[in-house]
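Hi,

Here is the structure I promised to pass on to you. Have a look at it first, and then read my notes below.

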Amino acid sequence: MEDVLREMKNQCKPITLMGDGRSDSPGFSAKYMVYSFMEETTEKIVQVQLVQKTECSSSVAMEKVGMERALDAIIAQGLSIETVVTDRAPSIKKLMKDKYPSINHQFDVWHVCKGLKKKLLSLGKKKGMEDLLLWTRSITNHFWWCCQHCGQDSSVLKRRWISLLHHITGEHEWTVEGETYSCSHGTLTEDQCLRTRWLQSGSPSFKALKSLIENKFLIRDLEQMTQLKHTGSLEVYHNVILKFAPKRLHFTYDTMLARTELAVPDHNENVGRFQAVTREGVLRFKKIYSRTAKEWILKSMYEKKTNHYARELMSRTVENRTDINFRSNISRNVHPVSIAPEPAPSTEELLSKRRSRT
Ligand SMILES: [Zn+2]
């Protein structure tokens, strides 16, 4: 990670960081939170912090602590940060506003699309709202398109996003305060108009969709989604963490930290691999059945992963064993933050206390 940061610093360009927290289990039972920052252009991980439950009051607090520590560590390296991209967690939003006001804070569009899709799928399960399921993909695509083509103008973004409420009822030209607007899709054929299941304005599906689209928090947050920033590639890295630290197993802090840190060189060494080709030079794909899309899709296959970092780590380990300061370094650098307010007394002292109690 230090190498990547040094390289960035030498380039003297302000960087964009994508951050996200990952719990080892959902909800309040999470024992650890890994907060990671990825640099946008290289997609390499530049900082990781492991926070344990005992340090915080909740999993929300764990994410904030991890994010703050990670960002401070990068700033301490002297890098100039232009933009930070995160999800819309209110605690992170407040932290960015209060502590780092000079950094442009953008919200992750990919997370918002994922959230919209989840809400639409759940609404579509309700009686009389099944028609929303037919529109789920178009709505999330439209959200992405609005962020992509707003020219970094939040008023254009808001207007286009809300305009979906016209299109979805089959109305492609409308007037607001004397100004006429229209959809950007061009003229639809008669067949397209007849085959599309437009929503009825005023129907339960339309009303539910309207409140979702016009949600005041979403509308307010559009101000920070004008640059189409997203953390989708962090998911790839989160899957690497899963390989080293599977969720079904429990680890001590030291072990979890080591496993989390191992995922970083594994990811950084293999990020940006080219798509694999056959001997004839044809790009390779694999067929996958998508449960969410309920259809077969093609996924690109990439060149084989390498792990040169492992060899380097092994030789460094051997070097460390010959270093007389090895043990003291380990205890200083890797030991978790203790929850005890004072150091542990000697075993003899504790034994005598124990005897006096019995
Ligand atoms: Zn339209």
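Predicted model: local features only at pLDDT ≥ 70, side-chain atom pairs only at ≥ 80, totals over all residues.

**The zinc site**

Let's start with the metal. Which residues coordinate the zinc ion? The donors are His 167 (ND1), His 172 (ND1), Cys 183 (SG) and His 185 (NE2), at 2.0 to 2.2 Å. If you want to spot these donor residues in the sequence, look for the spacing H-x4-H-x10-C-x1-H.

His 167 sits in helix H7 (residues 164-167), while Cys 183 belongs to the loop between E7 and helix H8 (190-195), so this pair ties together parts that are 16 residues apart in sequence.

What about the geometry? The angles that the four donor atoms subtend around the zinc ion run from 102 to 121°, and that makes the arrangement tetrahedral. For reference, the ideal angle for four tetrahedral donors at a metal is 109.5 degrees.

Are His 167 and Cys 183 buried or exposed? His 167 has a relative accessible area of 17%, so it counts as buried, the cut-off being under 20%. Cys 183, with 18%, is buried as well.

**The domains**

Now zoom out. The domain assignment gives domain 1 (2-108 + 262-272), domain 2 (110-224) and domain 3 (276-332). Note that domain 1 is written as two stretches of the chain, 2-108 and 262-272.

I looked at how domain 1 and domain 3 meet. Their C-alpha centres lie 21 Å apart, and five residues of domain 1 are in contact with six residues of domain 3. Between them, the two domains bury about 530 Å², with 46% of that on carbon and sulfur atoms. On the domain 1 side, Asp 266, Glu 269 and Asn 270 lose the most area to domain 3, and together they make up 75% of what that side buries.

How many salt bridges cross the interface of domain 1 and domain 3? The rule finds one. Asp 266 also forms a salt bridge with Lys 305, where the closest N and O atoms are 2.6 Å apart.

**Salt bridges elsewhere**

In total, the structure holds 15 salt bridges. Here are some to look up in your viewer:

- Asp 72 and Lys 99 meet through their side chains at 2.8 Å, N to O. This pair links distant parts of the chain, with Asp 72 in helix H2 (residues 59-76) and Lys 99 in helix H3 (residues 90-99), 27 residues apart. Asp 72 is partly exposed at 31% relative accessibility, and Lys 99 is partly exposed at 37%.
- Arg 137 pairs with Glu 295 in a salt bridge, and their closest N and O atoms are 2.9 Å apart. Arg 137 is in helix H5 (residues 131-148) and Glu 295 is in strand E9 (residues 295-300), so the pair ties together parts that are 158 residues apart in sequence. Both ends are partly exposed: Arg 137 has a relative accessible area of 49%, and Glu 295 has 33%.
- Lys 210 and Glu 214 form a salt bridge with the closest N and O atoms 2.9 Å apart. Lys 210 is partly exposed at 33%, and so is Glu 214 at 34%.
- Arg 88, Lys 93, Arg 220 and Asp 221 are linked in a network of salt bridges.

**Two loop residues with a positive phi**

Last, here are two backbone details. Glu 43 is not a glycine, yet it has a positive phi of about 60°. You'll find Glu 43 in the loop between strand E2 (32-39) and strand E3 (45-52).

Glu 177 also has a positive phi, near 50°, and is a residue other than glycine. Its place is the loop between strand E6 (173-176) and strand E7 (179-182).

How accessible are these residues: buried, partly exposed or exposed? Glu 43 is partly exposed, with a relative accessible area of 32%. Glu 177 counts as exposed, because its relative accessibility is 81% and the cut-off for exposed is over 50%.

Enjoy exploring!

How values were computed
Residues numbered from 1 in each chain as written. Heavy atoms only, no water. Helix = DSSP H or I, 4+ residues; strand = E, 2+ residues; numbered from the N terminus. Buried < 20%, exposed > 50% of the residue type's maximum accessible area, 1.4 Å probe, protein only. Donors = N, O, S within 2.8 Å, 3.2 Å for Na, K, Ca; no water. Tetrahedral: all angles 85-135°; square planar, octahedral: opposite > 155°, others 65-115°. Domains from an automatic or database assignment. Contact = heavy atoms within 4.5 Å. Buried area = accessible area lost by both parts, 1.4 Å probe. Salt bridge = Lys/Arg side-chain N within 4 Å of Asp/Glu carboxyl O.
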